[in-house]
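These are my notes from a first look through one structure. I wrote down each thing as I looked it up.

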Amino acid sequence: MNVRVDIPTAAPNVPPAIREWLSKDRTLLIDGKWVPAQSGKTFDVTDPATGEVIAKVAEGDKADVDAAVKAARRAFESGPWSKMTPSARGRLLHRIGDLILEHADELAALEVLDNGKPKHVAKAADVTLSADMFHYMSGWATKIEGKSIPISALAAPGSDFFSVTRPEPIGVVGQIIPWNFPLLMAAWKLAPALTTGCTVVLKIAEETPLSALRLGELMQEAGLPDGVVNIIAGFGETAGAALAAHPDVNKIAFTGSTEVGKLIVKAAAGDLKRVSLELGGKSPNIILPDADLSLAIPGANAAIFFNHGQCCNAGSRLFVHRSIFDKVVEGIAAEAGKIKLGHGLDEGTEMGPLISSVQYERVNGFLEAGRTEGAKAISCGNAVPSGKGYFVPPTILTDTNPGMKVVREEIFGPVLVATPFDEVDDALIAEANNTVYGLAAGVWGKDTGRAQQIAHRLRAGTVWVNCYHVFDAALPFGGYKQSGWGREMGQAVLSNYLETKAITTRLGSL
């Protein structure tokens, strides 16, 4: 039964087509059909800028995951997907990218209502990069190649063999994505898995299911065969856990917190399924004494406050040479003070709310812990909008020490920890690396040779020099240490979804 949901007037400028789409219960995509959860349960989706319910979505659980895995298995083993040529698969992926661009405005609006980010950001970053991921990966479909290997065959002297490697899709893949970049994370996961010929059960975040469900409709429009991609909305404790432990899933790909990533590994250990993880971060951002502050100050501002600070790679630990520390902190505070908080569909909004009341309480808890431990807080944003939204203004913490909770743990909000340093030396590098994470880092300085030397010594999967948050579908992204296993994007991501088979043939005599 469809239950109509009225979008509150507090959510302005919602396109009529989106209002109509949201007014109907959104269901699960299993074996090419949109179906309710077997339990009949639904859950509310709220606009984090207003706290109001904007949609109802089917709540998938273990039974729905099982049905989706069975559909993905059939599609992998015997459906048309298994017989599709690489060229045809590449064209289909490219068509998905085209459709994302054709529907850019509505996808961006869904991201605003679901996640809270400003529409211009959602359209320029999330939607554009999602389309580019499908376009980029479509080219790899025809370029996944094995090679011939000359072997010595010491145990069979005088024999002649022909040995080759054959890359093959790993099979049925379970993918679990987070709420901070709902559409983009779906694209990062789905595009390479489909490129290699795998089939997928995608578990989407309960906080932000809408854009991925719309993407599922676009993939059907592009001609994706039934069962190749199945989309389950539901909660981590039920749907996510069932997918991670399912015995007929060959591989799990997860993006989210390090704590949940460890649970994923334990769940997957029962049958030793393959696992790739893109997890948390507490990334150092270093401003050297010779840095061009006209670049470094706005760059450091964007490094932490982009997407409300809800980025795993956010430059949340700022190290600034003492000679320019006060100037840099004042500059960042001034830049952050210009940020307009508001609803993402409002004209001029530059920062929306945090995703939920849970995240709101978490971030404010960190701020309180920082104050209790002696940190000085500089609140930078304009007045927080009145109402029910989960707004937290940009904040800079100074007078910290390495043992503080705000320095050690990932906050995942618009909170920057700023620390001065005296020398560009081993101690600076050691402190930058003094974290269990290793996802990203930044270095700012006019002497690019020295900046490169520092970049080489930072234990992080991505290091930006005189820039930050530069992403491209061709660039691999992932972490060292507890920031994950494996890489997203680029050629490197293909290995997440491939098995390598060696085939050796004994040749006869001439």
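**Entry 1: two helices.** I worked on a predicted model throughout. I began with helix H5, residues 119-140, and its neighbour H6: their axes come within 9 Å and cross at roughly 5°. That angle is under 35 degrees, so H5 counts as roughly parallel to H6. I then listed the contact. H5 contributes Asp126, Val127, Leu129, Ser130, Met133, Phe134, Met137, Ser138 and Trp140. From H6 come Leu183, Leu184, Ala187, Trp188, Leu190, Ala191, Pro192 and Thr195. Sorted by type, the residues of this contact are 13 nonpolar, three polar and one charged.

**Entry 2: aromatic pairs.** I searched the whole structure for aromatic pairs and noted nine. One of them joins Trp179 and Phe412, with 5.5 Å from centre to centre and 80° between the planes, which makes the pair edge-to-face. Which parts of the chain does this pair tie together? Trp179 lies in the loop between strand S7 (172-176) and helix H6 (182-195), and Phe412 in the loop between helix H13 (405-408) and strand S16 (415-421), so the pair ties together parts 233 residues apart in sequence.

Another pair is Trp188 with Phe471, which I noted as tilted, at 6.1 Å centre to centre and 55° between the planes. Trp188 sits in helix H6, while Phe471 is in the loop between strand S18 (462-465) and strand S19 (484-485), so this pair also links distant parts of the chain, 283 residues apart. Trp188 is buried, with 5% relative accessibility. Phe471 comes out as partly exposed, at 23%. I also found Trp188 and Phe471 in one aromatic cluster together with Trp464, Tyr468 and Phe477.

**Entry 3: charges over rings.** I looked next for charged ends placed over rings. Lys251 lies over the face of Tyr497, 5.2 Å from the ring centre. Lys405 has its charged end over the ring of Phe366, at 4.9 Å from the centre.

I stayed with Lys405, a residue of helix H13. Its relative accessible area is 34%, and I recorded it as partly exposed. What does Lys405 touch, leaving aside its neighbours within four places in sequence? I noted contacts with Phe366, Ala369 and Glu373. As a distance check I took Lys405 and Val465, which are 60 residues apart in sequence and 27 Å apart in space, C-alpha to C-alpha.

**Entry 4: helix H8.** In helix H8, residues 236-245, I found Ala239, Gly240, Ala242, Leu243 and Ala244 buried. I then asked what covers the buried residues of H8. The cover includes two helices, H2 (62-77) and H9 (258-268). Strands also belong to it, among them S7, S8 (199-204), S9 (229-233) and S10 (251-255).

**Entry 5: positive phi.** Last, I looked at backbone angles. Phe412, already noted in the loop between H13 and S16, has a phi near 60°, a positive value in a residue other than glycine. Lys481 is not a glycine either, and its phi is positive at about 50°. I placed Lys481 in the loop between S18 and S19. At 36% relative accessibility, Lys481 counts as partly exposed.

Methods
Residues are numbered from 1 along each chain as its sequence is written. This is a predicted model: local features need pLDDT of at least 70, side-chain atom pairs count only at pLDDT 80 or more; totals for chains, interfaces and linings use all residues. Side-chain values use heavy atoms; hydrogens and water are left out. Rings of Phe, Tyr and Trp (its six-membered ring) pair if their centres lie within 6.5 Å; planes under 30 degrees apart count as stacked, over 60 as edge-to-face and the rest as tilted. Helices (H or I, at least four residues) and strands (E, at least two) are DSSP runs, numbered from the N terminus. Buried means under 20% relative accessible area, exposed over 50%, partly exposed in between (1.4 Å probe, protein chains only). A charge sits over a ring if NZ of Lys or CZ of Arg is within 6 Å of the ring centre and within 35 degrees of the ring normal. Axes are lines fitted to C-alpha atoms, for helices over the stretch in contact, and angles run from 0 to 180 degrees between N-to-C directions. Angles under 35 degrees count as roughly parallel, over 145 as roughly antiparallel, 65 to 115 as roughly perpendicular and the rest as oblique. Contact means heavy atoms within 4.5 Å. Ala, Val, Leu, Ile, Met, Phe, Trp, Tyr, Cys and Pro count as nonpolar, Asp, Glu, Lys and Arg as charged, and the others, Gly among them, as polar.
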